[in-house]
Amino acid sequence: MRKKLLAALAITVATTLSAAGCGGSGAAGGGNSIKVVYWQHLDQNDKKQQKFLTTMKTSFEKAHPGKKIEIVPVTASENDYYTKIQLMMRSPSTAPDLVYEDTALINSDIASGYLKPLDPYVADWADWGKFAKAAKSAVSSPADGKTYAVPDDTDTRGIWYNRKLLEKAGIKTPWQPRTWDDILDAALTVKKKLPGVTPMNLYTGQAGGEQSVMQGFEMLLYGTGGAGDSLYNAKTKKWITGSQGFKDALEFVHTVYGENLGLPKSAALGANAGTEVGTKLMPENKIAFNIDGSWMANNWLETGPHPWPEWSDTMASAAMPTQNGQAPGKVSMSGGWAWSIPAKAKNPDLAWQFMKTLKNRANSTAWNIIESTTAVRTDVAADPKYLEATPTNKFFTSLVKYTHFRPALPKYPQVSNAITKAMESVTTGQSSVDDAAKTYDQDLATAVGSDSTAKGN
Amino acid sequence: MESAAASAAAPVRPSGGRAGQSLLRGLPLLPSLLLLAVFLAGPILYCVYDAFTDAQLTGAAETHFVGLDNFTRAFGDPDFLNALWLTLVFVVGSAVVGQNTLGLSLAVMAEKATRPVRSLVNGVVIAAWVLPEVVAGYLMYAFFYQQGSLNDVLGMLGLPRQNWLYTLPILAVCLANVWRGTAFSMMVYSAALNEVPRELVEAAEMDGAGVWHRLWHVTLPVIRRSIMTNLMLITLQTLSVFGLIYAMTRGGPGNKSQTLPVFMYQQAFQNSLIGYGTAIALVLLVVGALFSVVYLKLLKVEED
């Protein structure tokens, strides 16, 4: 009997305590702590963002006594990170107060009602005027015109080449290919002259996710005849099926992997291709050139996962050419990340306070330099400290005038998935270019609805 | 899956008595029934509901009832049919043929073996079973991938290296699942073989029956119930294998090792199509149920 009583008592106490616990965190809705969620790459050596956010947390907590910032890393591959934050934002009990989002996902998450409009906040924030227009449009909804995030950084893409390897293969540097054929020729030359060196890297396949689509496919597609309209026609509001540009881009992927100009297929299709290329193959001089993002150098900085002091003498950059060298001759893609406040955040006001600190001029500059990303604040972009921080900042900032943004629409993530599928099937040789393009058209119609597609040229 | 199999076991019947009394006796079951209802039946019902909607993880705030759309879409989707086919290959290849026969052979051989050999074999086989699925997946990845230990062994023997995970991924995941799951069948059969009456085997031996004849005509008929039970359990376990395949190949390259659970995951969480994903989950549930019905029928036939 006594035992039973004790057990009953214990249960009562436990329930009361946990109820009190719930009450406690509910009460915190008024204001003393926030949860900040960001993406921790699978490469555990890369702690740049963690370090930066921890510094921000410490100084913020010091300046605002009694407030608490909880920094929550989500360790995952890029696609899994999106899934995890979406699941977190679905429920009020797990929604963070501040979340790090890829701008490509923002519209999709807005449509789901996951994000809070920030207009009342930015209206009172003098710094908002310093943010570049294009960056602002990337974080606002075309549907209601409201702002849903504060842009963190942007980027451009081009070709990183190993000057020494190219010279060894007899290719003159500085190298600037004019057409896709120039790229393939260079790769073939490297293949012939330098056995053991992977001629080029072009991201591909489903495991790579958005990396395959943006650095790999769209750098090709947006350089074809249809240019900006090859994926989505903003005027007619239709997604494009069966265009020649799409097939040509797939054909290029097919050639690269069919002729063994890229990584071995199994490595190219693996989830770690990006890490492998950036932290291993490039620093070990095993890849001649790589179509990749402006941020590559941050792999090799002293603070990066694979310090490589010689990189600035070894690596150089070229712009990605259009298919046949047609105007404007160069092509680049831009995206970037942003900070949002979820609709179900418990403490949006404090989250905003922290956001203002995070994105003020000094901290933005520091962050753009650490991560060697392209600045979204015009005052930072003009700052010599930023421009001279790495030898490539100037070059990649100069690509901004050739750059394209992805169609920032709720369906984009699904379209992107369909593209990775098409890429993978031509990379493995499982299907021909025509079949892969046909499958893409079907997948596209399923994803966006067949009344939202139109036949391209 | 496993709890479904457990509930298929014979129900405990109250040994007579008045109705009130049996009701009273059932009372202690109430909490567990409640838990089952909330945590098992609840999610399943919710899943059934979701399967008939266009619910999305991201991209749409509202969900609509779409009737059978998800199912008609699935059966018109070559990727789904591919996944369904690969699931059958995986289940039949790795469970019904692989784990089942290997488990039986090991159990038969262990019976004859000396004690140290038996404990060694048991230890090795059970170690694979004890490992968490994802850990086993990574080990198998390290074993099969291009620079992996299997190729090192092949290289030492002067045989050409193979790119297992790339050229024949479904075979690689099947072998991995055999490696991981054989212990279960072995244990079931070891226990069953202990139940085979010695006199029966000895009598057959006296009549001049060889090893194979004794196995085929004496041992197997005696342990047939265990065979069916084992088949049913490993089929259900194998149907739901996800971590092993995801860790080894992520369903790729292309969709060459994309079984239904992996396909479901990709649709629900990578394509954000929760409704479609749950519809596929339901199909998986039906496939499992069909297998169970077949096994139960076979068991009945054998008993009659």
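In H11(B), B:Leu200, B:Val201, B:Ala204 and B:Glu205 meet B:Arg214, B:Val218 and B:Val222 of H12(B). By class, the residues of this contact of H11(B) with H12(B) are 5 nonpolar, no polar and 2 charged. The model is predicted. Helix H11 of chain B spans residues 198-206, and helix H12 of chain B spans residues 211-222. Their axes come within 10 Å and cross at roughly 165 degrees. Angles over 145 degrees count as roughly antiparallel, so H11(B) is roughly antiparallel to H12(B). The crossing of H11(B) and H12(B) is right-handed.

H10(B) passes H13(B) in a right-handed crossing. On the H10(B) side, the contact is made by B:Asn177, B:Phe184, B:Ser185, B:Val188, B:Tyr189 and B:Ala192. On the H13(B) side, B:Ser226, B:Ile227, B:Asn230, B:Leu233, B:Ile234, B:Gln237 and B:Thr238 take part. The contact of H10(B) with H13(B) has 7 nonpolar, 6 polar and no charged residues.

Cysteines were also considered. A disulfide is a covalent bond between the sulfur atoms of two cysteines. Over all chains, the structure holds 0 disulfides. B:Cys47 has a relative accessible area of 18%. Buried means under 20%, so B:Cys47 is buried. B:Cys174 also counts as buried, at 9% relative accessibility.

Technical notes
Residues are numbered from 1 along each chain as its sequence is written. Chains are lettered from A and ligands numbered from 1 in the order in which they are written. This is a predicted model: local features need pLDDT of at least 70, side-chain atom pairs count only at pLDDT 80 or more; totals for chains, interfaces and linings use all residues. Side-chain values use heavy atoms; hydrogens and water are left out. A disulfide is a pair of cysteine sulfur atoms within 2.5 Å. Buried means under 20% relative accessible area, exposed over 50%, partly exposed in between (1.4 Å probe, protein chains only). Axes are lines fitted to C-alpha atoms, for helices over the stretch in contact, and angles run from 0 to 180 degrees between N-to-C directions. Helices (H or I, at least four residues) and strands (E, at least two) are DSSP runs, numbered from the N terminus. Angles under 35 degrees count as roughly parallel, over 145 as roughly antiparallel, 65 to 115 as roughly perpendicular and the rest as oblique. A crossing is left-handed if the near helix is turned anticlockwise from the far one by less than a right angle, and right-handed if clockwise. Contact means heavy atoms within 4.5 Å. Ala, Val, Leu, Ile, Met, Phe, Trp, Tyr, Cys and Pro count as nonpolar, Asp, Glu, Lys and Arg as charged, and the others, Gly among them, as polar.
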